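Dear colleague,

I am passing on a structure that you have not seen before, together with some notes on what turned up in it. Please look through it first and then read on.

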Amino acid sequence: FPIIRAQISQDYIPDSKFYKVEAILRPWRIQQVSSALLKMGIRGVTISDVRGFGAQGGSAERQAGSEFSEDNFVAKVKIEIVVSKDQVEAVIEKIIDEARTGEIGDGKIFLIPVSDVIRVRTGERGEKAERMTGGRSDMFFSTGSSTA
Ligand code: ATP
Ligand code: GLN
């Protein structure tokens, strides 16, 4: 059956230059997701171990929590990626491609506008702080500059 794609819409509300793509996924799919993101020039990624409750409830993936019989939270991994607006749909699509099994518990993706990005080391803000060495600018252009 057809895989449901993220809708191609850039009419995000509120409008922002940067967005955080926050995905709650199956822990055993994270390696696959992060290496696919790396291949498409995404260099900044944050991961946390989380526990959650969704339609999956406490069923399946119980092995780690079976001793807590009244605890229905399922172990998940949260992946957070701040990108510029024009990268959002590609990142969402890649996450779906790599994380989807089709079974209940595949996870959910939230899209959050980000007001600013500040690089602590340099104090840079906005685009300069969001651009990363080895990121998109290095992959698509061969100018040698990763901050332009
Ligand atoms: P620097 O050039 O000073 O190293 P940087 O932009 O590469 O700055 P880091 O200081 O290396 O940033 O990043 C620290 C942590 O911040 C990373 O380990 C990652 O968890 C998180 N991070 C950085 N950029 C992003 C991003 N765009 N999205 C999500 N997390 C990020
Ligand atoms: N937008 C950044 C770039 O083009 C990458 C952001 C990220 O890696 N999360 O370099």
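Helix 1 (residues 30–39) lies across strand 1, strand 2 and strand 3 and runs at about 10° to strand 3; contact here means heavy atoms within 4.5 Å, and angles, from 0 to 180 degrees, are taken between N-to-C directions of axes that are lines fitted to C-alpha atoms, for helices over the stretch in contact. Helix 2 (residues 88–99) also packs on the sheet, where it touches strand 1, strand 3 and strand 4, and its direction makes about 10° with that of strand 1. Helices (H or I, at least four residues) and strands (E, at least two) are DSSP runs, numbered from the N terminus.

Before going further, please keep in mind that this is a predicted model, in which local features need pLDDT of at least 70 and side-chain atom pairs count only at pLDDT 80 or more, while totals for chains, interfaces and linings use all residues. Residues are numbered from 1 along each chain as its sequence is written, chains are lettered from A and ligands numbered from 1 in the order in which they are written, and side-chain values use heavy atoms, with hydrogens and water left out.

The sheet itself is open and is formed by 4 strands in the order 2-3-1-4, with antiparallel pairing; two strands pair if DSSP finds at least two bridges between them. Strand 2 (46–52) and strand 4 (107–114) stand at the edges with a single partner strand each, so one side of each has no neighbour in the sheet. From one strand to the next, the twist averages 25°. Strand 1 (residues 18–25) and strand 3 (residues 74–84) pair in the antiparallel sense over 8 bridges, and V82 in strand 3 is the bridge partner of K20. In the segment before strand 1 is P14, and the peptide bond from I13 to P14 is cis, with omega near -5°.

Turning to the ligands, ligand 1 is surrounded by G44, V45, T46, E80, I81, V82, R119, R121 and M132, each with a heavy atom within 4 Å of it. Strand 3 gives the most to this shell, with 3 residues. Among the polar contacts (pairs of N or O atoms within 3.5 Å), an oxygen atom of ligand 1 is 2.8 Å from an N or O atom in the side chain of T46, and a polar side-chain atom of R121 lies 2.5 Å from an oxygen atom of ligand 1. Taken alone, ligand 1 exposes 610 Å², of which the protein buries 52%; accessible areas come from the Shrake-Rupley method with a 1.4 Å probe.

The residues around ligand 2 include I42, R43, Q87, E130 and M132. A nitrogen atom of ligand 2 is 2.7 Å from an N or O atom in the side chain of Q87, and a nitrogen atom of ligand 2 is 2.5 Å from one in the side chain of E130. Taken alone, ligand 2 exposes 300 Å², and the protein buries 99% of that.

With best wishes

How values were computed: A polar contact is a pair of N or O atoms within 3.5 Å; within protein, one must be able to donate a hydrogen and the other to accept it, and residues adjacent in sequence count only if both atoms are side-chain atoms.
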